Amino acid sequence: MRKVHVNVGKSYDVLIERGLMAQCGAYIKDVLGKTCTAVILTDDNVDALYGDTVQQSLENAGFGTCRFAIPHGEENKNLQIWQTMLDYMAEQRVTRTDLIVALGGGVVGDMAGFAAASYLRGISFVQMPTTLLAMVDSSVGGKTGVNLPAGKNLVGAFCQPKLVLCDPDALRSLDADVLADGVGESIKYGVLGNKPLFDLLATADWMDQTEHVIESCVSAKARLVEEDELDTGSRQYLNLGHTLGHAVERCSNYQISHGHAVAIGMVYATRLAVSMGICPPHVLDEIIDMTKRNHLPTSAPFTPDMLCTVAQSDKKRAGDQLTFVLPHRIGECELHRVDIADLPELVQIAVGA
Ligand SMILES: NC(=O)c1ccc[n+]([C@@H]2O[C@H](COP(=O)([O-])OP(=O)(O)OC[C@H]3O[C@@H](n4cnc5c(N)ncnc54)[C@H](O)[C@@H]3O)[C@@H](O)[C@H]2O)c1
Ligand SMILES: [Zn+2]
């Protein structure tokens, strides 16, 4: 069993082990020190694959259970579907001393987390991520929320889980594209501060070491979240590849998924760093090579103008400045603030136009 402790206001553990889903009830009972009603919130795909296993394990440990599946997909990460979760919990007379178990990828984790933050002004929740992206990134750190028509994750709350349970066996049923999304975020952690992780992801057999990959990424995220729980300082490093990655996602109308867009955003950020003379050119070659090996894209068919227009309205914009995370080399990056006025020229360079 691998364990990463996340030492924020209310601290919690991330446990990583194969087969954990079938034993989740005992671990959750241990952390809560009691049993209660556990509401499993999931999506239809994950429900069909793992819903029974998780529910059975919770019942074996003495929990009362009920289970609600939303339709899968980013397009369902909205206030209407989120309300169906709340209505279901109210119907089931879930009380403040009960528990939400968020079983699924980042969409379920963010929505069920936001339900936990707001239902009866807040109840406890446990994250059981089932995609690589959710295991290495979204289940840790306490950001929860849903999308608005105006943009992604525009409504939400900071709400930390009581426990995160990662069962890498769940990754076996993922589509290759969904797995690749998680690889995109994992490469990010390599470039940010872990050259050995980056080198491992360049080999064909990293899938045999998913526990190690998850532990490495979660440890890095935990340290940044501990320093900056509310995302006003060093947590911004996690935005490597995201400044232009988000713009790519939005220009594609979300047809390019998050991890794929982050991979493109990392290539763009590195090209910018090379042009500024703060990163040697071979690092760009290494990142492009790594991206291709993992079946991720290195560019998108959007003009600098399109990307620039969208990037200017990014919610992370602070006044007249935007922050890029720029690599110096694999394992070291810097935060680099740029004036919005300079953005058109910088984006042109970043996309290699
Ligand atoms: N809170 C954060 O800090 C944070 C960080 C990064 C991303 N996110 C959010 O995460 C979301 C993306 O998450 P995602 O990539 O996990 O997408 P997702 O939750 O939509 O899952 C992708 C697809 O895989 C299916 N699936 C999930 N687990 C499966 C399994 N084990 N086997 C087979 N199919 C499975 C789902 O049903 C879905 O169709 C985005 O909404 C993004 O905004 C949040
Ligand atoms: Zn991300």
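Q: Which residues does Gly259 touch, not counting residues up to four places away in sequence?

A: In this predicted model, Gly259 touches Leu133, Ala180, Asp181, Gly182, Val183, Gly184 and Glu185, with residues up to four places away in sequence left out of the list. Gly259 itself belongs to helix H10, residues 258–275.

Q: Is Gly259 buried or exposed?

A: The reading rests on a count of neighbours: 20 or more other C-beta atoms within 10 Å make a residue buried, and 12 or fewer make it exposed. Gly259 counts as buried because it has 29 C-beta neighbours inside 10 Å.

Q: How does Gly319 count, as buried or exposed?

A: Gly319 counts as exposed, since 7 C-beta neighbours lie inside 10 Å. This glycine is in the loop between helix H12 (304–312) and strand S10 (321–329). From Gly319 to Ile349 there are 30 residues in sequence and 23 Å in space, C-alpha to C-alpha.

Q: Where on helix H3 are the buried residues, and which residues are these?

A: The general idea comes from helix geometry. An α-helix has 3.6 residues a turn, so residues three or four places apart point the same way. In H3 the buried residues are Trp82, Met85 and Met89. They cover an arc of only 50 degrees around the axis, which puts them on the same side of H3. Gln80, Gln83, Asp87, Ala90 and Glu91 are exposed on the other side of H3.

Q: What do the buried residues of H3 pack against?

A: The buried residues of H3 pack against strand S3 (37–43), strand S4 (64–70), H4 and strand S7 (143–148). As for its length, H3 spans residues 79–91, and its 13 residues reach 18 Å from the first C-alpha to the last, close to the 18 Å expected at 1.5 Å a residue.

Q: Which residues of helix H11 are buried, and which are exposed on the other side?

A: The buried residues of H11 are Leu284, Ile287, Met290 and Thr291. Their arc around the axis is only 130 degrees, which puts them on the same side of H11. Pro281, His282, Asp285, Asp289 and Lys292 are exposed on the other side. The cover over the buried residues of H11 includes H6, helix H7 (195–201) and H10.

Q: How many residues of helix H9 are buried?

A: Helix H9, residues 242–251, is mostly covered, with 10 of its 10 residues buried. Among them are His242, Glu249 and Arg250. What covers the buried residues of H9 includes H10, H12, S10 and helix H13 (343–351).

Q: Where is Asn153 found?

A: Asn153 is found in strand S8. Although not a glycine, Asn153 has a positive phi of about 55 degrees. With 16 other C-beta atoms within 10 Å, Asn153 is partly exposed.

Q: How many bridges join S7 to S8?

A: A general point on strands comes before the count. In a regular strand the side chains alternate between the two faces of the sheet. Here 5 bridges join S7 to S8, and the two strands run antiparallel. Gly145 stands opposite Gly156 in S8, and a hairpin of 2 residues joins S7 to S8. S7 is largely enclosed by the rest of the structure, because 5 of its 6 residues are buried.

Q: How many residues surround ligand 1, and which are the closest?

A: Ligand 1 is surrounded by 30 residues, of which Asn45, Gly105, Gly106, Thr131 and Ser138 are the closest. By class, the shell holds 9 nonpolar, 13 polar and 8 charged residues. Helix H2 (44–60), helix H4 (106–118), helix H5 (132–138), strand S8 (151–158) and helix H6 (176–193) each supply at least two residues of this shell.

Note on methods: Residues are numbered from 1 along each chain as its sequence is written. Chains are lettered from A and ligands numbered from 1 in the order in which they are written. This is a predicted model: local features need pLDDT of at least 70, side-chain atom pairs count only at pLDDT 80 or more; totals for chains, interfaces and linings use all residues. A residue is near a molecule or strand if its C-beta atom, placed from the backbone, lies within 6 Å of it. Helices (H or I, at least four residues) and strands (E, at least two) are DSSP runs, numbered from the N terminus. Ala, Val, Leu, Ile, Met, Phe, Trp, Tyr, Cys and Pro count as nonpolar, Asp, Glu, Lys and Arg as charged, and the others, Gly among them, as polar. The expected span of a helix is 1.5 Å times one less than its number of residues. The arc is that of the directions from the helix axis to the C-beta atoms. Two residues are in contact if their C-beta atoms, placed from the backbone, lie within 7 Å. Two strands pair if DSSP finds at least two bridges between them.
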